[in-house]
Amino acid sequence: MDAPPDRTAPTDRQTPENPESTPGPQISPTAESLRCQELAEPGQMLKSLQWELNRIQRTVRQTLQSKLQGLVGQSLSSLNENRELASSIQKMLDTHSLRIRCPQCGHASILRVSPRKGMPGGAFVLDHTIDGKRTFHGGSSSVPPIQLTAKPERKATAAAKTQAQPAAAGTPETKVG
């Protein structure tokens with residue numbers, strides 16, 4: 001005699017526990033939960049979506065950081081090769097709005113390679129701004145320790161200055177006198 005069917009198991013798709021079920025569209029739990037939430041309050045749906053995006057971004061950051069650890073302490077033979085290496089790393093990080101946290105001061109920074117006397121491959125430096133001044137930390141001949149952090153938002157004052165200049169340039173001045 002056959003056992004009664006399990007009413008909690010999905011019946012519209014094939015699963016390892018139920019190979020005889022009819023194949024249907026495979027829907028991820030995330031898609032299913034988002035579809036259910038579309039009927040819920042929009043604010044709650046957006047909160048859930050933001051939570052999911054944060055989880056994905058954290059996974060991307062952790063994966064990149066783990067893979068980039070293999071480059072720490074490495075150096076190529078020439079200044080141009082090291083510059084290309086740093087540029088490639090930086091482009092990858094930019095794609096995901098990430099920066100390298102400076103181990104000296106903790107600021108989000110951009111990895112660059114600068115020429116240095118006595119260092120044919122150049123010096124790996126971390127380029128960032130502290131109190132409005134451009135700063136370079138590091139200076140070793142190999143890729144520095146990599147701890148990733150979020151790319152900081154642009155300063156509102158810099159954006160306001162950029163927007164205000166074109167408007168002021170087109171305004172005619174009048175002199176009294």
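Which residues line the second largest pocket? In this predicted model, local features need pLDDT of at least 70 and side-chain atom pairs count only at pLDDT 80 or more, whereas totals for chains, interfaces and linings use all residues. Residues are numbered from 1 along each chain as its sequence is written, and side-chain values use heavy atoms, with hydrogens and water left out.

The lining of the second largest pocket consists of Asn 54, Gln 57, Arg 58, Val 60, Arg 61, Thr 95, His 96, Leu 98, Thr 149 and Ala 150. A pocket here is an open set of points, on a 1 Å grid over the protein atoms alone, where a 1.4 Å probe fits, with protein on both sides within 12 Å along at least five of seven lines; lining residues have an atom within 4 Å of a point. The volume of this pocket is about 190 Å³, a volume being the space filled by probe spheres set on the points.

Helix H2 (42-68) and strand S5 (148-150) each contribute at least two lining residues to the second largest pocket, and H2 gives the most, with five. Helices are DSSP runs of H or I with at least four residues, and strands are runs of E with at least two. The lining comprises three nonpolar, five polar and two charged residues; Ala, Val, Leu, Ile, Met, Phe, Trp, Tyr, Cys and Pro count as nonpolar, Asp, Glu, Lys and Arg as charged, and the others, Gly among them, as polar.

The largest pocket has a volume of about 640 Å³. Its lining holds 18 residues, of which Thr 129, Pro 152, Glu 153, Arg 154 and Lys 155 lie nearest the centre. Strands S2 (108-116) and S3 (119-130) each supply at least two lining residues, and the largest share, four residues, comes from S2. By class, the lining of the largest pocket divides into four nonpolar, five polar and nine charged residues.
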